[in-house]
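Please read it alongside the structure shown below.

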Amino acid sequence: MQQTVARYLIFFQYTGSKYSGVMKAPAHQAVQGVGNHLENAVRKLKPVNEVCVSISSRTDTGVHALCNSAHVDIQRREDKPPMSEQILLEALNFHLKEEPIRITMAYRVHSDFHARYQAQSRTYVYRLALGCQHHAQMPLTEKDLCWALRDTRINVDAMREASALLLGTHDFSTFRALSSEAPFKCPVKTLDLAQLEPGESFSQKHFHRDVQFWELTFKSRSFLYRQVRRMTGVLVAIGQGRLPVSKIQDLLEARDSLAFPNNLTAPAHGLFLTNVEYRDTDLVASMSEEQ
């Protein structure tokens, strides 16, 4: 009897504060990545194949996700059929229960499906909290989940005008932080959404301080390294009156990572990956593969 290799697409959420990022870290590294814990959970299912979790969307230390995704192959012993999607979800969550990582959905997909390359879009939300003069003024329920700003007001109109300049297809080289992968990735990206809207928080109603929340939402098929945090940092500086709206166009035209102003990148802990989208047809395995 031939052993069946089943490929699954899993969606997962995590609080990123304690991890080196979502990607797998070297075994000798003290702080591990979310990927290390995902692979360990899969290994506890005792597959006969070598485990490799291929994550769709990179996030850095401190960045959170309500919806990231990955594909993984699981080959069971000859006498065992492939796991159902629900059983896989429950089993992985059982082995992840000590970590702030949860599998939210699982799909059996085609054997050539790729979580990274077949993603149609990614959506990030950056959370801002206004009116925090001191860390004690931030509700504990929001600790490390937003960027606390001393400002009680920001120029919303200026930030929205500046956000509109980022929309469409541009060379975002200036908004890319340098990394080992930078020379090999095309800096031209199409930004489908860049909007600023009032945010919400459970604590806002019950915590008796005037902390105002705002959310910056960005959507694109893919992003460059730290692009969202750099865009956020510039937009906040514009909202604070430290930069003019025209600075966006200047930075886009510079097409140089080193032209980005020093100390303007938004901190990691306010950023959430909120969605990774696929075509519905990609989320179904063929009948022959399900046998």
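Which residues are buried in α1? They are Val-34, Gly-35, Asn-36, His-37, Leu-38, Glu-39, Ala-41 and Val-42, where buried means under 20% relative accessible area, exposed over 50% and partly exposed in between (1.4 Å probe, protein chains only). The model is predicted, so local features need pLDDT of at least 70 and side-chain atom pairs count only at pLDDT 80 or more, while totals for chains, interfaces and linings use all residues. Residues are numbered from 1 along each chain as its sequence is written, and side-chain values use heavy atoms, with hydrogens and water left out.

**Overall architecture**

- The protein chain has 7 helices and 10 strands; helices (H or I, at least four residues) and strands (E, at least two) are DSSP runs, numbered from the N terminus.
- For 291 residues, a compact globule would have a radius of gyration near 19 Å, and the 21 Å of the protein chain agrees with this. The radius is taken over C-alpha atoms, and the globule rule is 2.2 Å times the number of residues to the power 0.38.
- The C-alpha trace of the protein chain spans about 70 × 45 × 40 Å along its principal axes.
- Of the 291 residues in the protein chain, 50% are buried.
- The protein chain exposes about 14,800 Å², of which carbon and sulfur atoms supply 50%; accessible areas come from the Shrake-Rupley method with a 1.4 Å probe, and for residues only the protein chains shown count as cover.
- Among contacts in the protein chain with a separation of 6 or more, 73% join residues 24 or more positions apart, contact meaning heavy atoms within 4.5 Å.

**Helices α1 and α2**

- Helix α1 (residues 34-43) is largely enclosed by the rest of the structure, because 8 of its 10 residues are buried.
- The cover over the buried residues of α1 includes β1 (5-14), β2 (54-55), β3 (64-75), α2 (85-95) and β4 (101-109).
- In α2, the buried residues are Leu-88, Leu-89, Ala-91, Leu-92 and Asn-93. The buried residues of α2 pack against β1, α1, β3 and β4.
- Lys-46 lies in the loop between α1 and β2 and is exposed, with a relative accessible area of 64%.

**Packing of α3 against α5**

- The axes of helix α3 (residues 156-166) and helix α5 (residues 227-239) come within 8 Å and cross at roughly 145°. Axes are lines fitted to C-alpha atoms, for helices over the stretch in contact, and angles run from 0 to 180 degrees between N-to-C directions.
- The crossing of α3 past α5 is right-handed: a crossing is left-handed if the near helix is turned anticlockwise from the far one by less than a right angle, and right-handed if clockwise.
- Ala-158, Met-159, Ala-162, Ser-163 and Leu-166 in α3 meet Met-231, Leu-235, Val-236, Ile-238 and Gly-239 in α5.
- This contact has 8 nonpolar, 2 polar and no charged residues; Ala, Val, Leu, Ile, Met, Phe, Trp, Tyr, Cys and Pro count as nonpolar, Asp, Glu, Lys and Arg as charged, and the others, Gly among them, as polar.

- Most residues other than glycine have a negative phi.
- Arg-255, not a glycine, has a positive phi of about 50°. Arg-255 lies in the loop between α6 (247-254) and β10 (271-277) and counts as exposed at 57% relative accessibility.
- Asn-263 has a positive phi near 60°. Asn-263 is found in the loop between α6 and β10 and is exposed, with a relative accessible area of 80%.
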